[in-house]
Amino acid sequence: MTPEASGGLAVDAEVTRGSFTLAVTLAAPPGQVVGVLGPNGAGKSTLLSAIAGLTPLSAGRITLAGQILDDAATGTFVEVSRRPVGFVFQNYRLFPHLTVAENVAFSPRARGLGRRAAKSAADHWIDRLGLASLADRKPDQLSGGQAQRVALARALAGQPALLLLDEPLSALDAGTRLDVQAELKRHLADFTGPCLLVTHDPLEALVLADQLIVLEAGHIVQHGTPAQIARQPATDYVAKLVGLNLYTGHADGPQVKLTAGGTFIIADHGLHGDVLVAIRPSAMVVSTQHPQPSSARNTWPAKVTGLTLLADRVRLDLQGQPPALVDVTPAAVAELSLSPGSQVWLTVKATDLEVYTRTSSQP
Amino acid sequence: MVTRTAPSHLTAPERARRAARGGASRSVPAPLLVPALIAVAFLVLPLAGLLIRAPWGRLGVALTGADATQALVLSLWTATVTTGVSLVIGVPLAWVLARTTFPGQRLLRALVTLPLVLPPVVGGVALLLAFSRVGLVGRYLDYWFGLTIPFTPLAVIMAETFVAMPFLIITVEGALRSADQGFEEAAATLGATRMTVFRRVTLPLIAPSVGAGAVLCWARALGEFGATITFAGSFPGQTETMPIAVYYALETDPDAAIALSLVLLLVSVVVLVSLRDRWLRGGSVQ
């Protein structure tokens, strides 16, 4: 069964805005959360607004459950208000003059229910999202996490066949984000239609999405499960997001000659040709002297150019052949008295290198 | 040249002020202070004169004189009807100007705002040419319906609307332009048609501006003189509004003129106070 016929979303579309072009092909089966990950200006929000009908396509088509929403070739276009779409906006856009209950009842009412029927439809979602005690509040009396729940309830109350979430957690402070994220995951699991979730936070994408699409400069650069993408990033951007060192190179049996200079000894996969090598920053060992011979096969000199304190560790920016990002403990930084300019040796085991073929579609 | 430190005295409150707000001396140089004081005197003295010369003892008598009461009542109800009419037709026009695009829109906006700068008497002449019994439209109104507009209370309302409605329109249009259209987009994704969006989201969000525009429109209508006297004349009880009554009473019954002027002054002060948040908050208009 094709996803379109079973209630899925199919997008094969182009949106041109001035000199920017978004060209995307994707399919979201019902019940699945498709994460759209990408840097600012990649076209993530444009994609959502095209699907919602706020931006018409310049080429291609969008279908939902086999029904055309927008088709540039034939001119078919379903107006925003007629699309069975629930949209959770980045800053929620809750109507400030309406109470929580009225916000949630807005869609049922706008879609033609009477006052009383709309209220009972809203009550269902208010209960379901645990908002009963907040029903009479105005949006400016809500915390970030509560507003997020109201926004979700408001979108779901219209009984959409498709859910669009634009950076649903970015307006929250770090403290509440994890709780709200866990809660959002539960509610998304209950939603039976396809769901598109735009984010620039890789962790959010990894936790919430069933499959991931990475968008850069209007194009999809990688598509796969979160695990695949986290382990084998296809571009520098993705590698940075998931916190991996990524190198391009040329494999020849047990050796990879890197484009940026240097050579890695790898566990032989019998690979030949263009490959990507990913290394976790915590997999590398930093020493201040040339290490003793050991089972680790790769050792090279490097210079510390920067130190960044992360939550529980320090990320070292190292210049060498190749350059690298390495995570060490604050205690290690103190003990080795590392500072910008320090000369060090880097060591990494061949088995800690993730080596995979570079496909042609990947830049 | 060497800058010499020349100590001066800083009072404790001034110290506190500078510490709180920052900034250097706030003293006013004489070449600015003197003209500023002249301007203040020029604006305030006439109003003071009005208050000083007011027949406070017999204010009640002056205001309850038949002509004065008639003018007061006529002015109040025509200004109110004018505001109502302006809301009904002006707010939709403001929406059209702010939320749609069509050829000639800039020209239309210019035409709509023209009455703001047009001498009201010219507006009166124009209304007369359009709606008098021999006017462009008036002749058909007369011919088909036997309707004669000039020199009736209806003419007063039309003259006031012509002059005052643009105040409402530009206020509301400005509010619509600066309003966050994200809410309207959100409403559309929730299934609301454009009309529902307007009724349930746009209008409630700009309600404070609509209110301010209505107050402004009402105040302008209440003070309307030139267009009204040209198009509607000055028949006591029929078309003689307060400003017109003041003008004529000045010759026959100065006390009544001053009393009516005080009423208009009071109304203006009330309007100003009601709009203070928008206008009197130095600099930043919301």
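In chain A, A278(A) stands opposite E354(A), a residue of β21(A).

First, the conventions. This is a predicted model, in which local features need pLDDT of at least 70 and side-chain atom pairs count only at pLDDT 80 or more, while totals for chains, interfaces and linings use all residues. Residues are numbered from 1 along each chain as its sequence is written, and chains are lettered from A and ligands numbered from 1 in the order in which they are written.

Helices and strands are DSSP runs numbered from the N terminus, with at least four residues of H or I for a helix and at least two of E for a strand. Strands pair if DSSP finds at least two bridges between them. Strand β15 (residues 272–279) of chain A is joined to β21(A) by 4 bridges, and the two run antiparallel. They belong to an open sheet of 5 strands in chain A, ordered β14-β13-β12-β15-β21, with antiparallel pairing. The edges are β14 (263–265) and β21 (354–357); each has a single partner strand, so one side of each is left without a neighbour in the sheet. On average, neighbouring strands of this sheet are turned by 35° against each other, direction ignored. The axes here are lines fitted to C-alpha atoms, for helices over the stretch in contact, and angles run from 0 to 180 degrees between N-to-C directions.

I turn to another strand of chain A, β3. Which strands are joined to β3(A) by bridges? Strand β9 (residues 195–199) is joined to β3(A) by 5 bridges, and β10(A) by 4; β3(A) runs parallel to β9(A) and parallel to β10(A). Within these pairings, V34(A) stands opposite L196(A) in β9(A), and V36(A) is placed opposite I213(A) in β10(A).

For burial, a residue is buried if 20 or more other C-beta atoms, placed from the backbone, lie within 10 Å of its own, exposed if 12 or fewer do, and partly exposed in between. Strand β3 (residues 33–37) of chain A has 5 of its 5 residues buried. In a regular strand the side chains alternate between the two faces of the sheet. On β3(A) both faces are covered, with V33(A), G35(A) and L37(A) buried on one side and V34(A) and V36(A) buried on the other.

Most residues other than glycine have a negative phi, and most peptide bonds are trans. E167(A), which is not a glycine, has a positive phi of about 45°. E167(A) sits in the loop between β8 (162–166) and α5 (174–190), and it counts as partly exposed because it has 19 C-beta neighbours inside 10 Å. A217(A), also not a glycine, has a positive phi of about 50°. Its loop runs between β10 (211–216) and β11 (219–224), and with 15 other C-beta atoms within 10 Å, A217(A) is partly exposed. The peptide bond from Q321(A) to P322(A) is cis, with omega near 0°; P322(A) is in the loop between β18 (314–320) and β19 (324–328).

At the level of domains, chain A is divided into domain 1 (9–238) and domain 2 (246–357), with bounds that come from an automatic or database domain assignment. Their C-alpha centres lie 39 Å apart. The contact between them takes 4 residues from domain 1 and 5 residues from domain 2, where two residues are in contact if their C-beta atoms, placed from the backbone, lie within 7 Å.

Chain B has 14 helices and 0 strands. Its radius of gyration, taken over C-alpha atoms, is 25 Å, whereas a compact globule of 286 residues would have one near 19 Å; the globule rule is 2.2 Å times the number of residues to the power 0.38. The C-alpha trace spans about 85 × 65 × 35 Å along its principal axes, and buried residues make up 32% of the 286 in chain B.

How many residues does each chain give to the contact between chain A and chain B? Chain B gives 14 and chain A gives 16. On the chain B side, the elements that give two or more residues are α9 (182–189) and α10 (194–222), and α9(B) gives the most, with 6 residues.
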